[in-house]
Structure formats: C-alpha cells, structure tokens
Amino acid sequence: MSLTSDEVNRIAFLARLAIDPDKIDAYAKDLSGIMNFIDEMSAVDTEAVPPMAHPLDQAQRLRPDVVTEENQRETFQKIAPKVEAGLYLVPKVLE
Amino acid sequence: MQWETVIGLEIHAQLATKSKIFSGAATLYGAEPNTQACAIDLGLPGVLPVLNQEAVKMAVKFGLAIGATVSPRSVFARKNYFYPDLPKGYQISQFDLPVVSTGETTIVVDGEVKVIGITRAHLEEDAGKSLHEDFEGHTGIDLNRAGTPLLEIVSEPDMRSAKEAVAYMKKVHALVRYLEICDGNMQEGSFRCDANVSIRPKGQEKFGTRAEIKNLNSFRFVEKAINYEVLRQIEILENGGTIVQETRLYDANKDETRSMRSKEEANDYRYFPDPDLLPLEIAADFIESIRTQLPELPDQKKLRFKAQYGLTDYDAEVLTATRELASYFEQVALLSGSDPKLCANWVMGDLAAALNKASLEIEESPVDPQRLAGLIQRIADDTISGKIAKQVFEGLWASLESADAIIYREGLRQITDTGAIEAIIDAIIAENPAQVEGYRSGKDKLFGFFVGQAMKATEGKANPAQLNELLKKKLS
Amino acid sequence: MHDKTIRELSDGLKSKAFSSLELTESFLKRIERLDPSINAFITVTPERALKAAKAADVALEKGAAGPLTGIPIAQKDIFCTEGVRSSCGSKMLDQFISPYNATVVDRLNAAGTVMLGKLNMDEFAMGSSNETSFYGPVKNPWNLETVPGGSSGGSAAAVAARLVPGATGTDTGGSIRQPAAFCGITGIKPTYGLVSRWGMIAFASSLDQAGPMAKTAEDCALLLEAMAGFDPKDSTSLERPKETYSQGLDESIEGLRIGLPQEFFGEGLDPDIHQAIQAAIGEIEKLGATVKAISLPHMHLSGPAYYVVAPAECSSNLARLDGVRYGYRAENPKDLKDLYMRSRGEGFGAEVKRRILIGTYALSAGYYDAYYIKAQKIRRLISDDFKKAFEEVDVIMGPTSPSVAFQFGEKSQDPIAMYLSDIYTIAVNLAGLPGMSVPVGFSKGLPIGMQIIGNYFSEQRLLHVAHRYQGVTDWHQQSPTL
C-alpha cells in the first residue's frame, strides 16, 4: 500500500492540517510505510470474527435529567483566543 | 413529459429535556450567548459525555407511537467534520444502529389516507449557532444550543407532493407534542426539517438525483421550498441538463433555493462508534413500562371522537390536530352537555377564526371552555338565536363575563312568547298595507320584508322559527 | 530522604520525623537543582505545593491523615489541573490554563498529596521516547544520552531521578510500562475503566488508562487506591466495590501459575533482557510459583491493529483543537479554512500529524472496512487469546520492551522502528487488561523491566506478585548517580 502526494493532500485537508508542500513527499513515504506495517492484518481471515469496538463488554450507563451546570462563561472565555459580546469569533463564515 | 415528485423528510425534533443530551447544562431557549455552554458542550480537552436517560425515554416513546422497532442495542457514532458551531469537530449521533427503526404513520390529503414509512429515528446532539452579523469581518459563535438533544426522524421517500410533505410534517409535529417529547416551537427551531427532493418521469421506477434542502423551519417554507425546487429541477431536465446531488438552502425572502457550497467541500464524515460511549441497551420491560404510560395518540383519538361524539371524519381530523385543541373541544362538549356537532362548529368556526385573527394558540384563548360551553347551552335551549350568539361571543372574547351575564345585561334573550310576537306582527301588518297586499297577491319575496321588520322591532330577539310560523299564519 | 519510598515517607510524616513542608521544600530544591539536566517537568508549582503541604501538616497534626497525606507527587501534563497550564506536551495547549480538574487530580488532592508540578511527556501521549514533546525531550537519568521512554517519560524520569516519590502516568499502548522499564521504576496500567478518564486529555479513548508510577509496587498500590474508583462523569468508569491494593501484599504467592508466551521471547529481543527476565522468573518460582509455556498466537498483529485503532480515535479526539475556543490559534487567518489549517498545522508536531493523517485515512470512505473494522476484528482475536490463556494461568510474564533505553535520534526518523518498541505492551491495551512493569536488572548500565499481565481486575494480584519479588531483590532500590 503506498500513498500518493495527492492522497496525502486530500487527507490533510479532511483533517484540516496545513502541511508544508516541501514535506508532503516525506509524509507520503512515512504514511506508506505505516500502511504497509498495518497491512499485515489483511493476511488473516477474520470473516467470522465480530468486531470489538471497546474493551468493556457492557452497556452504557445513563444519567438522570438534572441541570447541574452553572454559567461559567467568564472562566471559559478567559482562555479563548478571540471573543466579543460573549461570542467566540472566527473569520467570516459564508453560507 | 409528466414528472413525478419524490420527497423524503429528515425531521429534527428537539427533545424537551431539562438538561442537554450529554451534559448537565440547561437547554432553555434565549439565554445570553454561551452562558449555557458547559465544559462538555465546549469540548474542552479531557471532558466526557454521559447520556441523559430522559432523552432515551423520549426516543422510545416516539418509537412506540409509530409502531416501530425499538432496538434493544443501539450505538452512538461520531460524525466527523469541521465547522465552528461544532465544538468537538464531530457530532455524536447514531449511524448504522439507530435506537428506533421501521415505523410508519398516516396522513390525509384531499380526503385520501396515505401511509408514510419512517425509516428510522435516532438520537443526536445539536450544534451551536453561527451569528453572521458582522463583528468586524468575523462570525460570532454561540454554543448554548450545542449538545441539545435531538431526535432525527427520517422518512421513506414516500411523499409525492409538497402538500403531502406538509401533511406528514404536521402529523409528526402533532405526534411529538401529544407525546410531550418536543415543544414543537418552530420559530425557536425546536422542530425543523431537511427535505430530500427529486423528480422522475411518471411511471419510472428509478429515483432521480436528489437535492437536500436544509433547515426548513415552518410548514409554509417546506411547501414553498419544495414547490420551487421541483420547478427548478423540471426546468433543468427539460432543458437537457442534469441535477447535481447537493445541499441547498431555502431563501424565504427571495422564495428560491440556492446551493450551499460551503457544506459541500468535504462530506466524508468518517463515522465510527464513539469510544467514549458503550452500546445503549434498552431492556424489554423498560419499553413495556413506557408503553403503558403512552397518552392517547392522534389516530386513536380521532377514531374515538367519531364514535363517541358522532363527528364527521373531517371534524375529528381537525379537532385532534393538537392535543390542546382536542382537549378544549372535549371540555366544551362535557361542560355544555349539548350536541357535540354544535360544539365542534363553534370550536372550529367562530373561535378558530377569532384565534387566527389574533394569532393566538388554542391554549391562549381568552374564552375558556367553561364560558364557551355557557354560550352553547344558551343556543341549545333557545335562549338566544345563532345570530345573537355571535354577538354574545364577541362579548365573551372582550370580557371575562359569562354568556348569561352578557345576555341579561344586553337584554338579548330571545322572545318566545307567542302573544308578544303576534302583537308585533299585527302592528307591522297594520302599518304596511301595500306590502301585505303585494304578498297576498303572490309576491312571495316580500316575506323577507316582514321578517326584517319583525326582527328590527324586536332587535333581533324574536325566535326565528316561531316568527316564521306566526307570520305565515297571519299573512295567509 | 529522596530515596525513601512513599510508605517510608508516610511513616516519617506520621511519626513527625519531618513535616510535609520540609519534605516538599526538599523535593522542590532537588527539582530546581537537577531538573534542568533532566527536563522532566514542564511546569513546577512551588506556591501551590507549599500551600498544600501546610494544609497537609495541619491534617497530620489533627490526626486526620491518610497514608498519602503530605506526600509530594507530580502529575503527567495530560491531566487537567485547574488554574495550571495543562499542555499535554503540545504547542497547541501551551497557553491552556485548565478551568477544571481531572478526577485523578481531585482524588489525589483529596487524599492529601502535594502536587509539585506537571510532568513532561510525548506530545498528546504519542511517542515512545519523549522526543515528540514541544518542551524538548526528557533525559533518562541513568544515561543522559538515552531516552526515558514514552509517553510518560517525564513521570518515569522524575521518579527515577528521585525528584518526586510518585507520579501519575497514562498508558495507551505502553506509555506507563515502557518508560518505567527504561528508567528502572515500577508502574501499573490498571484494567480499562478502573481509573476515571475525566479530565485526562484523550489520545485513544478505548485504550487510554491512567495509573501510578513509583519506586515500588507497594507505593503504586497506595497511589492506585487513591486514583481508582467509580466516577459518574466517565460513562466507561466501572461501578465496583473499592479495593485496598496495599493490603495483603506480604502474603504468600505459593501456587501462583505464571504463563510465559513464546511470542514474547522470540526474534528481536535483546539477549540481556531475555536473561534478566528468566532470572527474575526464577526468583518468583523460588517463592512458590509455577511456570507454564503458553501462546498468544495473534500477538504479532497487535501493532498493526493498534496503529489503526489508536490513530483513528486520535484523529477524531484531536479535532476539537481548532483554535476557536482555547489553545493555539494561527495569526491573522485569512478565512475559516486558513484558521483551521494553520492553527492545527502549526500547533501540532510531526508525529501527531502523522497519526491524525493515518487515522483520517483509515476512517475515510472506502477504507473503513479494510482498516478500522479489520483492526477491531483483530482486536477481538487478541483479546480472545488472553481469555484462553487466563483459563490456564494466573499471570503472564515477559519483557516490557525488546530493548533497553535507546539513544536520542536513534529511532525518531523511523516511525516503524519506534512503534516496535511497544510490541509487548500494546496487546494489553487492546484487550483492556491490567499490566505492570517492574525493574529486574541492567544491561550496559540501563535498567530492564519485566512486564506482568493479569486478567481483568487482577491489579491486587499483580501488585502482590511484584511486591513479593521486590521483597527478595533490590533492583527497585537502585538509583542513578546524578
């Protein structure tokens, strides 16, 4: 399995990661190596094996419908990069 | 070419829980920006979701109400995409194992009953809101709504017109309100839908390419957006073009749909089971206990109204459209002890018209069932005529008085004393010899003249039937 | 004083041989003197520490003290600590002052421990050498030219250098056990779900588990007692009766059945390590245990499965780091896409980016079944191997790592070589089992660790066996000359 530079660019965009164009080839090489390592799995027949998503073979625990949280906007927005009028700001989003 | 429209709806009903689906923050509408966004809703590093059991209960209620399968085991998955109103970079939703699957409901359009399949209903969290007013070239993000529980109700592509789509949406709207799992407030976005619209040549089996119209938050917009979209697609196909599968936005001001390219850039959502949440298991006895708590649903209520009150199909349909309206009608019928059809006419007629004019909901009516019942009793026992009743109703609407008090104060009681009516008729005959002559020589139309004169003399209070009878006798 | 175990320090505090304030000041001085060459700490919090020590002394005075009251510890910087930078070793969170505490932090605070600061680690716990930290690599106190292991390298090095008597770590694929082995200390990764993950910055949610790192098994037991327990804020936290791991450690291990998987002793294992492990098992046999050869036939697939599952989960877990609500934000973004791309591109280091890319790829349309589902199936096979093994044996033993600590730069250019240093540990995370590492010797002056793996919830047994072993050996008492 080997990844092309185009594929790396496509995934990098999906993951919203800016990657230095000079380094794309190096990433492609590293990722291809890792995918080859991973591809060892394909040698095993797992047709009848049920996937295991989680180590705990249990049901989800639920919580009662109770409001437990108070307004902490000031605390939370102290660590925010850009806020105004209680809102988080991002560059203009066009719909 | 004859075209057939195919529509499927994805309805988002905001569940009426006190706290959010995965956090203990409040879900109240209209709070100051970001004051109801806790650490979990903000997606701070290290936080974890814990599912609200009430949201699960509500989903089960809905499942039972549409005769669906409630999955004993369902799974929460992450839908991954970047958007500023989505704090974690993924939405917790359900993908291949939803909590509710394969149900159905019925709609009535133009007197025809039609079954609409409901593919699935799943639990998920809502996103926040982007405020596009300009903050020096920036968009503001309010995450109060982030994490609010939603039930996404996905229909089969079973609707063939905008009218059917609206009827279906209204039906689901009534259902969720009957079940008290959603307040149904469309202005606040508590109930909204995405419409998948495509067209195909009539008779063709294969579906056409669909466009998804996002975020329709009124019945009127659903109808208009679909109608616009259908015409747009017909025009493209008839000009030899092809439909692009895409997400579109309905612009109510321009009454048109337009492409939302921003959402199209990358729609590889990379769903996978959320490792923070184990499978949701719902025990059979829990489902049964909820079944016993279900209220009477619209379809059941409609059947009962027809049987118990002898109402027509149409009247029963209208009166059971919402739980509040049905309850209002039943109280009027009970309190008045009068003919249910008369009660139905008043509730659906004068009262509905007045509410509509004042933009009020039935539960906000200034005339409560008790007072309307009082009015209907007086019609039924001939104390007042139907015409005078309209006048009394205006009094009920404008004051807190009872119908009896208004009738007494205004002296609206109907004159049913034969002697009194005869005396008035005698006077009119004496004063209008020419008309009497004319009527007796065959001008039947003049009868109305005498009725009018008598009503004028009694200020409309003469019992109309009695008056007619006596007039005929005296004039013959 | 710095060589004393937590148990010894606790006794000293109770008998008033010294106060918590004295103890705390003494460790803070040692950190100030030695840490510049080790780089184990990202943040030292002396003011908080002194305040907490004074409070502990009051509690000790009142006789309201538990075994950990007044004991200095340090937290891996993956745990959110209110009012203190919680960086996770990343530029992305360099300015992140957490507004809340992790449950582990709350619990250790409640137990009366005194936090001295936050420990260095591989960025977002992704690494096996501590070379991916934004704050520079941690040096192995046994040889400053070699790595301390990772990702809990700061924790292991701090304990080994006697900068702190105990520390917290987290283990997603070996991140407690491998650095414990490289630095010659004891560390345990508990059963998944035993210690709350609330406030522990997620790497791979279905694999991550926190645990203690200290000089001895007994100290780990004391720390684990405070850390473990049900937490309603983590829906994967298990509701079960609380255990006292430090009780009954001296009892006999007569009849203990040890499984030795052939897959742990094959090609690629350093012969010195092989020998040291055999010697250690010999000692444990002398204590009454028996040995049985077993097989974990799918062991070789744990690496490939892990490098799908962990990156897949991390690609999603790290999506929240977008420069909007907290954390690093690129300067003057020209639009939203630029804000995302550059904040994340500049905020994350190369290894984190590699793993996000792998995970994104494995989950993307058309590859999900071939990679993610396949890896989950392999995960089941590996878990079933362990289930079968534990029908026959009580514990499984083997090396923690195929080599001792390696040189800086030796593997950092080759991701696969780096990944292979965790080949004995990651299967344990995939299955969610408890595992620990104990020092059992040296090779070329560098410590060797032995791994002990148990069935679900057998922490007590693992600590018991390790404690008895440490009762007859002194590897755990050795400390580097600094």
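## Close-up views of a predicted three-chain model

**Figure 1. Chain C against chain B.** The count between chain C and chain B is 17 residue pairs in polar contact, both residues of each pair at pLDDT 80 or more. The model is predicted, and so are all the views that follow. Four elements of chain C each give two or more residues to the side that touches chain B: α9 (302-317), α10 (336-347), α11 (350-363) and α12 (368-389). Of these, α9(C) provides the largest share, 4 residues. Sorted by class, this side of chain C has 19 nonpolar, 10 polar and 8 charged residues. In terms of contact, 37 residues of chain C meet 29 residues of chain B. The two chains bury about 2700 Å² between them. Carbon and sulfur atoms account for 61% of that area.

**Figure 2. The salt bridge between chains B and C.** The rule finds 1 salt bridge across the interface of chain C and chain B. Its partners are Asp276(B) and Arg197(C). Their side chains meet at 3.1 Å, N to O.

**Figure 3. Chain C against chain A.** Here 68 residues of chain C are in contact with 49 residues of chain A. The buried area is about 5300 Å² between the two chains, with 72% of it on carbon and sulfur atoms. Across this interface the rule finds 17 residue pairs in polar contact, both residues at pLDDT 80 or more. The side of chain C that touches chain A takes at least two residues from each of α9, α10, α11, α12, α13 (415-419) and α14 (426-431) of chain C. The element that gives the most is α12(C), with 12 residues. By class, this side of chain C divides into 39 nonpolar, 14 polar and 15 charged residues.

**Figure 4. A salt bridge between chains A and C.** The interface of chain C and chain A holds 2 salt bridges by the rule. One of them joins Asp30(A) to Arg354(C). The closest N and O atoms of this pair are 2.9 Å apart.

**Figure 5. An open sheet built from chains A and B.** The sheet has 4 strands, in the order β2(A)-β3(A)-β10(B)-β9(B). Pairing is antiparallel. The edge strands are β2 (83-84) of chain A and β9 (129-135) of chain B, each of which pairs on one side only. Where the chains join, strand β3 (residues 87-91) of chain A runs antiparallel to strand β10 (residues 138-142) of chain B. The join is made by 4 bridges. Tyr88(A) stands opposite Ile141(B) in β10(B).

**Figure 6. Strand β5 of chain C and its two partners.** In a regular strand the side chains alternate between the two faces of the sheet. In β5 (residues 186-189) of chain C, Thr186(C) and Ile188(C) point one way. Gly187(C) and Lys189(C) point the other way. All four are buried. Strand β6 (residues 209-214) of chain C runs antiparallel to β5(C), joined by 2 bridges. Gly187(C) stands opposite Met213(C) in β6(C). Strand β10 (residues 435-443) of chain C is also antiparallel to β5(C), joined by 3 bridges. There, Ile188(C) stands opposite Met436(C) in β10(C).

**Figure 7. Asn463(B) in its loop.** Asn463(B) lies in the loop between α15 (447-457) and α16 (464-475) of chain B. Asn463(B) counts as buried because its relative accessibility is 9%, under the 20% cut-off. Its side chain reaches the backbone nitrogen of Ala465(B) at 3.0 Å. The Asn463(B) side chain also reaches the backbone nitrogen of Gln466(B), again at 3.0 Å. Leaving aside neighbours within four places in sequence, Asn463(B) is in contact with Asp382(B), Gln414(B), Ile415(B) and Thr416(B).

**Figure 8. A cis peptide bond in chain C.** The bond from Gly150(C) to Ser151(C) is cis. Its omega is near 10°. Ser151(C) sits in the loop between β3 (114-119) and α5 (153-160) of chain C.

Figure 9. Glu180(B) has phi near 55°, a positive value in a residue other than glycine. Its place is the loop between α3 (162-178) and β12 (191-201) of chain B. Glu180(B) counts as exposed because its relative accessibility is 54%, over the 50% cut-off. Asn39(C) is not a glycine, yet has a positive phi of about 65°. Asn39(C) lies in the loop between α2 (20-38) and β1 (41-44) of chain C.

Key:
Residues are numbered from 1 along each chain as its sequence is written. Chains are lettered from A and ligands numbered from 1 in the order in which they are written. This is a predicted model: local features need pLDDT of at least 70, side-chain atom pairs count only at pLDDT 80 or more; totals for chains, interfaces and linings use all residues. Side-chain values use heavy atoms; hydrogens and water are left out. Contact means heavy atoms within 4.5 Å. Buried area is the accessible area (1.4 Å probe) that two parts lose on being put together, summed over both. A salt bridge is a side-chain nitrogen of Lys or Arg within 4 Å of a carboxyl oxygen of Asp or Glu. A polar contact is a pair of N or O atoms within 3.5 Å; within protein, one must be able to donate a hydrogen and the other to accept it, and residues adjacent in sequence count only if both atoms are side-chain atoms. Ala, Val, Leu, Ile, Met, Phe, Trp, Tyr, Cys and Pro count as nonpolar, Asp, Glu, Lys and Arg as charged, and the others, Gly among them, as polar. Two strands pair if DSSP finds at least two bridges between them. Buried means under 20% relative accessible area, exposed over 50%, partly exposed in between (1.4 Å probe, protein chains only).
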